[in-house]
Amino acid sequence: MNKKIAKTDSERVKRAVEVAKNAHEGQFRKTGEPYIVHPLAVKKILEEWGMDEDTIIAGILHDTVEDTDLTLDDIRKEFGDSVAFLVDGVTKLSTARDGMRDIDTYLPATKDNFLRLMIALGDDIRVLIIKLADRLHNLRTLSALPPDKQRKIAKETLEIFAPLADRLNMGLLRVELSDLSFKYVDPRRFEELKKLIETRNKSAEKSLKKIEEEVTAALKKEKIKFELSGRVKSVYSLHKKLAKYDQNINAVYDLTALRVIVDDVTDCYLALGIIHSLYTPMNGRIKDYIAMPKQNGYQSIHTTVITKDKHVVEFQIRTKEMHEYAERGLAASFYYNEQKLTENYKKGKIEHLPTNLLWITELQMTAAKLREGKKVDLKKLKINLFADKIFVYTPKGDIIDLPKGALPLDFAYRLHSEIGDHVVGVKINGKMSNLNKKLEQGDIVEILTSKNQTPKTSWLDRIITSHARTKLLHALRPSTIPDRPAKKKRK
Ligand code: MN
């Protein structure tokens, strides 16, 4: 596959650089460098992702409307509607995050990241791609900011932007965003795990080399064209996996993985067969994401095997196209479809979209309806941008985001501790339910309270969020610590 990079020496691009330079003249980054360094870095990232010229120009100009005297009209006159549209989208997205005023004119009752992102998506998916490039450069230069800001931005990146990159199947970006952020959110843990990965890889080096040789010989013998490479697990994904397996590193089988990249799907399955004839596959560890792609469109066959020397290795087998898509995701599909993709989005045509990207269309249609003030059945929306979160509603339509598996009391304490402390029951989607019922994406939750109710110790088993736990423990304290007189009134 020839990686085409947008022509960035075009007159339009040169002119955009000039305009941005003039506009940001006299402004400086926290790093002390002239401000223009930032838009130019964003330009470079977008070029590397293979984005089209309009996106690159909008990337160069992305901070001008918000931070300089340049207006959207100036940009429209000089660079056309499409660029102006994109710059406007990026500006809206950041003002939405800061003040939430702009978006409130669209959606008065909603102050939720998810919907704000949807609105931006509904305008043009390229807005998000520029925003991701912007975030990536800001993270790369995060050390210049004061520690509290570092943590805030890093946390937001881990919670919103890295999952978003994952949702768009931009694998390389996800890894860079999450590892850069994790380093600021938990520096000690980051160093600890980084060392752990290095040590493990070092000790596995020899046996891995032997395995590579064996696999190479076997694949060559069957005349399969392939590339073989090692892939190192990212620090943050190891952190997440360890949390899942009680910190038992021996349960993490994909710490080192070998990637086999072949020409076509048939060769993927042939390679799988060859690997399984060399080594013993582990029970239940074969995942065929080619036949059943992940929700973000990711495709590969994963298999974990045990070698004769009792080494455990994961193999990931995929075609070149699948590999390209796994690393660059949505940006890669722009490479194939170029601007037509976006024009088709706007016309509501979806035939040019790969099926694994249909969820984007679904998002856009929803966003369009919301903008028109129409009612939207969010339950019908099958996609979930943030895999570990659910979004539920109050009867008034306020959106509350909670971790997956959250229970009604988590919801109640999120609304207010006064509500949490006095829960007597819950209605989910208009029906009486009980406090053990896990909330699901899109549920409308109504909490019933009574002034006579008091918090119960047994509720501790009916909450999963630390927020609710803290509030509940606080409320329980007077009665559980006998030495202290119970307070009559709490605020
Ligand atoms: Mn910026």
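Predicted model: local features only at pLDDT ≥ 70, side-chain atom pairs only at ≥ 80, totals over all residues.
1. A quick convention before we start: buried means under 20% relative accessible area.

2. Now to the metal site. The manganese ion has four residues around it: His38 and His62 each coordinate through NE2, while Asp63 and Asp134 use OD, at 2.2 to 2.3 Å. Along the chain, these donors are spaced as H-x23-H-D-x70-D. His38 belongs to helix α2 (residues 37–48), whereas His62 sits in the loop between α3 (53–60) and α4 (64–67), so the pair links distant parts of the chain, 24 residues apart. His38 counts as buried because its relative accessibility is 1%, and His62 counts as buried at 2%.

3. On the aromatic side, a search of the whole structure gives 4 pairs. In one of them, the rings of Phe182 and Phe190 have centres 6.3 Å apart and planes at 70 degrees, so this pair is edge-to-face. Phe182 is buried at 2% relative accessibility, and Phe190 is buried at 7%. Tyr289 and Tyr298 are also paired edge-to-face, with 5.9 Å centre to centre and 70 degrees between the planes. Ring pairs also join Phe182, Phe190 and Tyr236 into a cluster.

4. Have a look at Arg29 too: it lies over the face of Tyr35, at 5.9 Å from the ring centre.

5. Finally, Val313 is part of strand β5 (residues 312–319). Val313 is buried, with a relative accessible area of 2%. Leaving aside residues up to four places away in sequence, its contacts include Leu208, Ile211, Thr256 and Leu258.

Technical notes: Residues numbered from 1 in each chain as written. Heavy atoms only, no water. Donors = N, O, S within 2.8 Å, 3.2 Å for Na, K, Ca; no water. Helix = DSSP H or I, 4+ residues; strand = E, 2+ residues; numbered from the N terminus. Buried < 20%, exposed > 50% of the residue type's maximum accessible area, 1.4 Å probe, protein only. Contact = heavy atoms within 4.5 Å. Phe/Tyr/Trp six-rings, centres within 6.5 Å; stacked < 30°, edge-to-face > 60°. Lys NZ or Arg CZ within 6 Å of the ring centre and 35° of its normal.
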